[in-house]
Each structure stands twice: as C-alpha cells, then as structure tokens.
Amino acid sequence: MNFDSQGRLPGRKPVAIVDIGSNSVRLVIYEGIARAPTVLFNEKMLAGLGRGLVSTGRLDPEAVTRSMSEFARFRALAEQSGAEELYVIATAAAREAENGADFVERAEKVFGAPIRILSGKEEAYYSALGIIAGFHDADGIAGDLGGGSLELVDVKNDTVGEGITLPLGGLRLQDMAKGSLATAARLAREHLSGAAPLKLGKGRPFYAVGGTWRNLARLHMNATDYPLTVMHNYEMLTDASVDFLRQVGKGEFDKIKGIEKISKSRRALLPYGALVLSEVIEQMKPSKVVVSALGVREGFLHSLLPQDEHGHDPLIEAAAEFALLRSRSYAHARELLDWTDQSFEAFGIEETDTEKRLRHAACLLSDIGWRAHPEYRGAQSLNIIAHASFVGVDHPGRIYLALAPLFRHEGIFNEDIAPELRVLAPQRYIERARLLGAMFRVVYLLTASMPGIMPRMRWEKRGDGGLALVLPADCAPLNGERPEGRVAQLAKVAGRKLDLGVVG
C-alpha cells in the first residue's frame, strides 16, 4: 500500500506567510498559491508589540523578546511543512516605532528572510485584495482594524481605490484614550468624520477585517443564537446591531450570552472595536456589515497569483477541488454541470447568475459524502459543505449547496431535515436545492456515479406537453423500476409530466 496522503492536490507547493501586526503575530502556511487557497497550518500569538507605543514611541520590550522566540518556531514550522517560500510582512507597529528598524533587523536574522514593512497605503491595498480574493464581485468599503491602525479602501469587483490609514487600531486607541471609552468614542468620531472612503460607501456593504471585529461578530453570533458558526461572510444588519455595539462599546459585555467563548486576551479590545465600528456605521450608512476571514495575508497571497487566474471564481475552484479529492468520479461531477444546464433549460427554469454558479458548485459537491455509511451520507455532506472554508459564497448560498446533497441522500420530501439551517436561506433556494437533489437521485441511479452516460441522455418533448428523459438504445438495460420511480419523484417536485424512455 502507498502511504503517501491522497488528501492534498498534486503539484501544489506550500507557501508560508508571517504577518507581524501591532497586537498579534501569525504564521499561515498555505497548500499553495491558488484562487481558493487552503490552509495547511495556522498559528498565532498575541504578542502586543504595539502596546504602549503611543506613550513610549517604542515596541514593547517583553513582546519583542517573546516574538523572537516565536519567530524561530515559525521558521522551523515553515521548513517542516516543506514551504518553498517564506514571506514576512510587518505593519503599523514595526513601521512607526523608534526601535522598529532594530526589531526588523533582528527578526530578519531569525527568519533568514527579508521582512517587507508595509506602508499604510500598501496595507490598505492588500486588505482590499483580501476582500477581492474572498468575495464574489465585491462592491463596498473594506476596513481592516488591527492593533495599531485602521485601513479603509474602496473595492469594486477587481478595482481597488485609494486607501487611507487612521490611528484607530485597538491597542493604539486604548493608549490614546488612556483607557477612557468616552475619549475613545470621541477620537473615533474625529478621525472618521472626514474619511473619504466612507463617503463613497453609503448604501453599500462594509467589509470588516481583523481579529477584534471577528471576535465582536462571534459574540454577536452567540448573543443571537445564530445557527451557522462560520465567520466568513457573516452579516450584521446595521439597524439590528446598533444596541449590541452600544452595549459592548460601554464595556458592558460580561453578561452577553456566549462571552465565555471569546478568549480573555481578546476581550479587552472589544469595546474599542465596537466604538470604531459604531462610528463607521454612523458616518458611512452601509447597507450591512459583512465579516471577512481574509485580509492582508490573503491579499498578499492573491498578489502572487498568476494574472490569468485572478478572474477565476473562488467558489467553483474550491468545489472542483473537493470533487477531485472526495468524489467517486471528478469527470462525473463535471458532467453534472452540463446535464443540469440542459435540464433547467428544458424545464424552462430561470436562474440568476448567482443561482447558476451555486447550482454548478452543488453539482461538484454532490458526491463528496460517498465514503460514509449510506444512512449518514446526507448528514456528512451537509456538515462538510455548510462548515467548509469556502470563500465567494454567502451564508444563504452555503445552505443551498448543503441541502442539495442532503435531499439527494435523505429524501426530497423530508421537511424535518436541517430546520435550524434552513431558516438562513430564502424559500427559493430551498426549493431549488430540492429540485437539484431530485435530479441527482435520477442521475446517480442511471450512471452508477461513473462518467460517460450523462452526455448521451437528453430531454425530449412529448405531444402531451410532457418531457421524456431519453436513453440511447445500448443503455436500455439501465432502465428499471427504481429509475422510473425517481423520475416520478422529480416530476412531482418540478410540477411537470415526466417519464423515462429509450430511443432506438
């Protein structure tokens, strides 16, 4: 037996990125440079390099010592992973501290690699690239809140506007306000009142990047009993979140449900993150706040991607990788895209561009649970898809993707499946997933999950207004009671007269 792992894509060369921030230092090792990157290893430490920077002008000495030790570990981990490249980037604290240059020189010796100190505009630019990498047709204002600074930049599709940087990072704001939340609120108002990107964002989404805002969003999830614990693309409607942000901004979060799930080391900066976000909402009037799990690191990785791959759809890329790694036949999964294209056209079903790409992704993911026991294939597929580290899809879209194979495996008329997740998707998505699941139930019985049959099947119109799924004559033995029963189920879901036939 070959004991080499088959769980990774061939040809991918690991890449390591170390992000030296004002509050945290993080190593992320990616499987490779890809449109939908997969993380091989991820570790952070809350070093607090920028603590006290406002008053002393220098990096915290204890944090510097701790960081150097961790840098040695990060380098060893990168080498252990087989990473062929180690990129090190540094942001606000390193570029602004009096002893920043000395720190960088020492760190470069530990890493054995140069450190790129990002300017404020560069930091905004890579944050924006992170949003482009993580969202399909992004259109809004990206805000990256670190420990030392806040970067704001306009993002529309693949276009990045002129970014700005403001001294509103959590640690810095805490220092400038000398621990006074009232003073912090005033400072946030003063700095954000003239922020040009916010003036361009009225009625558009605000993409929130950074650990403090992610933890704030997680607390909001806990407080509202949100059923899907996936941070990327989590949405906070502005009107509904005002009272929550006000409570956290006053430091009154100890009694909020789920606060115990937020690490104590992160809680101290939550009020400052809430104050800044509240002021962003006040000044910008966004349509919603959308949380991004991708930021400067992923933006930097995106910049390394070959130019001709920038336009690839990250959701379809990720779903194709899952199909390649987990399905019985990748070719069969690809055939489903064309066959469902033809089926939706034959049925006269209209789709938006978003719905079509969701259907294509669902086809690619339709057979990823096949190794599970038959009774659990639906549940396993649901859990994997709903919680996968996909980008380029919102939470309602995730539910569409997860429900289609669930309906396939557990029955298309089962109204009791996944009720807690179904509330996140519009009824149109649920019904489309049900229809797609019914199509899967027909196809997989006729093909034995192997390629070659679907391209030879077609829908033909009947004189009575119905449709027949026609098999070529040499495939006649594939017909039988069970496929005919599945076609009858599909007919009921589609609201059409359907049958299964053979052409001579």
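I took helices (H or I, at least four residues) and strands (E, at least two) as DSSP runs, numbered from the N terminus. The model is predicted: local features need pLDDT of at least 70, side-chain atom pairs count only at pLDDT 80 or more, and totals for chains, interfaces and linings use all residues. Residues are numbered from 1 along each chain as its sequence is written, and side-chain values use heavy atoms, without hydrogens and water.

**Cavities.** I worked on a 1 Å grid over the protein atoms alone; a cavity is a set of points where a 1.4 Å probe fits but cannot get out, and lining residues have an atom within 4 Å of a point. Points are joined across faces, edges and corners, and a volume is the space filled by probe spheres set on them. I found three cavities of 30 Å³ or more in the whole structure.

The largest cavity holds about 390 Å³. I noted 28 lining residues, with Asp 19, Ser 24, Asp 144, Gly 146 and Gly 211 nearest the centre. β6 (139-145), α9 (211-223) and α13 (296-303) each give two or more residues to this lining.

The second largest cavity has about 60 Å³ of space. Its lining includes Ala 34, Arg 35 and Pro 37. α13 gives the largest share, three residues.

**Pocket.** A pocket is an open set with protein on both sides within 12 Å along at least five of seven lines. I saw Asn 42, Arg 214, Met 231, Ala 293 and Leu 294 nearest its centre, among 30 lining residues. α9 gives the most here, four residues.
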